[in-house]
Amino acid sequence: MEEDYVFKIVVIGDSAVGKTQLLGRFTRDEFFLDSKSTIGIEFQTRTVDIARRRVKAQIWDTAGQERYRAVTSAYYRGALGAMLVYDVTRRHTFEHAARWVDELRAHADKSIVVMLIGNKADLAGGRAVAADEAAAFAEEQGLFFSEASALSGENVERAFLRLLEEIHANV
Ligand code: GDP
Ligand code: MG
């Protein structure tokens, strides 16, 4: 069956925070150990029902470009949503979230819906960012927020569906 909507979503954030694994978890319900970063822009899709509509999420992965600060405006073009990911065990990846927000403000549509994701929540013992602190940052910046784990799958489905629902509420 044809979908009613196609929503482009970009996944951004520092290298090795788990962007590719989150995407794989949501689109295929898989987690690959030793994921290799690839070159070039790629996307994957999954179609879900949102408010009785067929919504195809077309989710774009930076595929390693984040290392060279080479995420171009083409990547953001037409994006209705963004998953901004940091790693709860590496504090600098959270501190860089403000820079990624600046990137979005510079390149993405003003109405883009952004979800901040604190990934690797399964590694709670190595936590370097408190959930409260991230929630406060998200509120100040007008972002939705959730911790998640691409490894265990916790909150991954919920966070993507929430983002899609919020985008749907805007269209
Ligand atoms: P990317 O560079 O942001 O795309 O990060 P990747 O998805 O390639 O993941 C980087 C590394 O973190 C890999 O070794 C993954 O196996 C690991 N990883 C990703 N998500 C999780 C998670 O939720 N928990 C744990 N413990 N490791 C994760
Ligand atoms: Mg990747």
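Predicted model: local features only at pLDDT ≥ 70, side-chain atom pairs only at ≥ 80, totals over all residues.
View 1. The pairing here is between strand 1 (residues 5-12) and strand 4, which line up in the parallel sense over 4 bridges. On its way to strand 5 (residues 113-119), strand 4 makes 7 bridges, again running parallel. One spot to look for is D87, which stands opposite N119 in strand 5.

**View 2. Strand 4 (residues 81-87) is mostly covered, with 7 of its 7 residues buried.** In a regular strand, side chains alternate between the two faces of the sheet. Here G81, M83, V85 and D87 sit on one side, A82, L84 and Y86 on the other, and both sets are buried. Part of the setting is helix 4 (residues 97-107), which lies across strand 1, strand 4 and strand 5 and runs at about 160° to strand 4.

**View 3. Step back and you get an open sheet of 6 strands, ordered 2-3-1-4-5-6 with mixed pairing.** Strand 2 (42-50) and strand 6 (144-147) stand at the edges with a single partner strand each, so one side of each has no neighbour in the sheet. Neighbouring strands are turned by 25° against each other on average, ignoring direction. The antiparallel part includes strand 2 and strand 3 (residues 53-61), joined over 9 bridges; T45 stands opposite Q58 in strand 3. Helix 6 (residues 156-170) packs on this sheet, touching strand 1, strand 2, strand 3, strand 4, strand 5 and strand 6, and its direction makes about 170° with that of strand 5.

**View 4. D87 and K120 meet side chain to side chain in a salt bridge, 3.2 Å from N to O.** D87 belongs to strand 4 and K120 to the loop between strand 5 and helix 5 (131-141), so the pair ties together parts 33 residues apart in sequence. D87 is buried, at 2% relative accessible area, while K120 counts as partly exposed at 22%.

**View 5. E147 and R127 form a salt bridge at 2.7 Å, N to O.** This pair links distant parts of the chain, with E147 in strand 6 and R127 in the loop between strand 5 and helix 5, 20 residues apart. E147 counts as buried at 14% relative accessibility, and R127 is partly exposed at 34%. Elsewhere, salt bridges that share partners join D87, R90 and K120 into one network.

**View 6. R91 and E95 make a salt bridge, with the closest N and O atoms 2.9 Å apart.** Both lie in helix 3 (residues 91-95), 4 residues apart, about one turn of the helix. R91 is partly exposed at 30% relative accessibility, and E95 is partly exposed at 47%.

Terms used. Residues numbered from 1 in each chain as written. Chains lettered and ligands numbered in written order. Heavy atoms only, no water. Buried < 20%, exposed > 50% of the residue type's maximum accessible area, 1.4 Å probe, protein only. Helix = DSSP H or I, 4+ residues; strand = E, 2+ residues; numbered from the N terminus. Pairing = 2+ DSSP bridges. Axes fitted to C-alpha atoms, helices over the stretch in contact; angles between N-to-C directions. Contact = heavy atoms within 4.5 Å. Salt bridge = Lys/Arg side-chain N within 4 Å of Asp/Glu carboxyl O.
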